[in-house]
Amino acid sequence: MGDVSATARAAEMAARRSYGKLVAILAARTGDVAGAEDALSEAFGVALADWPGRGVPANAEAWLLTVARRRMVDDVRRRRLDDQASEHFALLEELADPADAHALPDRRLELLFACAHPGIDRQARAPLMLQAVLGFDAGAIASAFLVAPAAMGQRLVRAKTKIRQAGIGFRVPGPAELPQRLDSVLEAIYAAYAEGWTDAAGADPRRGNLAEEAIWLGRLVAALMPNEPEALGLLSLMLHAHARRDARRDVQGEYVPIAAQDVSRWDAAMIDEAEALLHRANALAAPGRYQLEAALQSAHSVRRAGAPVPWAAIVGLYDALQGMSPSPVTALNRAVALAQVDGSIAALAALDAIGGDVRLRDYQPYWAARAELLARTGDAVQARAAYERAIGLERDAAVRRFLQRRAAGIDAP
Amino acid sequence: MEYLLLLHADPQGWESLTETQRAQRMGEYGAFTEALRKAEVLRGSNRLRPAETATTVRLSEGKTEVLNGPFIETREQLGGYYLIDVADLDAALGWAARCPAASHGSIEVRPVWAM
């Protein structure tokens, strides 16, 4: 029993470390991600049957790669593919003998760029990365993204077909295209992180894990592109936010806004790592959206040392962010920060200026911010109405209760 | 891989050009075609007559139906094509972006189904 589970664990760890690497190698020449995944899953199946008896081979990755390549070659022999079967076959033959089994190339970065190619449906990019690089099954990805499994399965199949049939190359784009393409990779990773982050209560472990998987992908990109400031910035941003994950709820499970969080419940080591990454990014002297967002997170972290939050600097960072990639949410956050610098009336004026944006009409934080500011200026009636609106828009019960408590705490009239 | 670049544009755009502008546009296309030829990726190319000259045929219950006009009426019309042979989609997209039609219309890039 012990041996079997130890082998199973070894196989699982090998899978985790190697999956994306092997998919990338197998799919890079053929463009056939689905075929690579099928072959690899068969190879893992063989490993599970073979390794407990014979022991884990010295070079497990090369072993898995050899078995998977044979499966791919057999598979092509068995069924003629719809396109370029002979060319496909020649490529596989060429791959059948790994030149140097001990130095497998790491082509995961190329795989990530293929997954986030602008020719791939935007909504499929993050799920595709999670599947191709980390080996998640479609069902797990579907539940993490709150999408029906059949719909997610179809989305993934379509994306892989597009990669293969449209001839999306497995390569890191040239310097002219790199900034835009890297942005697309980072955006997909951040989308996965944001999905996981919204499950603050940790009610759904799959969604919670999603945030960690996104960080794993962020680490991978930061490790493979150590001189890309935005890759470092995104990782810093995610680590900063993640360091506070437990502090977002008190012991009773009630919502705690960032300003009221108990700093001793922040993950100090993770914040230190995030800060170091941001310093490295800043040293590269090419500012960007993720570095600015990481800097905003970093500004809140000064509370660890008992220092006051530098609100004026935060307003400045939001201005820079708004100049770089304007969004109504950034404008909203800027207005909230402005309240700490210039007072509630100035902040309300800033909110009024963006209130006409339809994208904010059903956005809970807009109404919550408005309510809070109105309450501070003494407009109890309007404040209650705005809280009402915010409560009606919130799907997280703990946040709803928080808003209800705030609304109930408004002084009469 | 072979890709067909399908050039779509609003014919009104061409109509509204002056003679000089038209000559300039034709010059741009000539230069683009020459660049494709020099790079040895060009497999074929043609400019098409306007959609009003199209005739659509289909067989319905054994009878040939012939209709005046294009298969689909849209503001942007298929005006021409380039068939190119390049390494991958990014290379095809790179060429498409240099095509003058990318500025005054849009280009659909379709991989050719290799038989």
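What percentage of the 115 residues of chain B count as buried? The answer is 17%, where a residue is buried if 20 or more other C-beta atoms, placed from the backbone, lie within 10 Å of its own, exposed if 12 or fewer do, and partly exposed in between. The structure is a predicted model, in which local features need pLDDT of at least 70, side-chain atom pairs count only at pLDDT 80 or more, and totals for chains, interfaces and linings use all residues. Residues are numbered from 1 along each chain as its sequence is written, while chains are lettered from A and ligands numbered from 1 in the order in which they are written.

**Chain A**
- Chain A has 20 helices and zero strands; helices (H or I, at least four residues) and strands (E, at least two) are DSSP runs, numbered from the N terminus.
- Of the 413 residues in chain A, 41% are buried.
- Of the contacts in chain A between residues at least 6 apart in sequence, 62% link residues at least 24 apart; two residues are in contact if their C-beta atoms, placed from the backbone, lie within 7 Å.

**A helix pair in chain A**
- Two packed helices are described by the angle between their axes and the distance between the axes.
- In chain A, the axes of helix α16 (residues 344-354) and helix α18 (residues 364-376) come within 9 Å and cross at roughly 145°; axes are lines fitted to C-alpha atoms, for helices over the stretch in contact, and angles run from 0 to 180 degrees between N-to-C directions.
- Helix α16(A) contributes A:S344, A:A347, A:L348 and A:L351 to this contact, and α18(A) contributes A:A369, A:R370, A:L373 and A:R376.
- By class, five nonpolar, one polar and two charged residues take part in the contact of α16(A) with α18(A); Ala, Val, Leu, Ile, Met, Phe, Trp, Tyr, Cys and Pro count as nonpolar, Asp, Glu, Lys and Arg as charged, and the others, Gly among them, as polar.

**Chain B**
- Chain B contains four helices and six strands, which follow the order β-α-α-β-β-β-β-α-α-β from the N terminus on.
- Along the principal axes, the C-alpha atoms of chain B fill a box of roughly 50 × 45 × 20 Å.
- In helix α3 (residues 89-98) of chain B, the buried residues are B:L89, B:D90, B:A92, B:L93, B:W95 and B:A96.
- The elements covering these buried residues of α3(B) include β1 (2-9), α2 (19-38), β5 (77-85), α4 (101-104) and β6 (105-111) of chain B.

**Between the chains**
- Nine residues of chain A contact eight residues of chain B.
- The side of chain A that touches chain B has three nonpolar, five polar and one charged residues.
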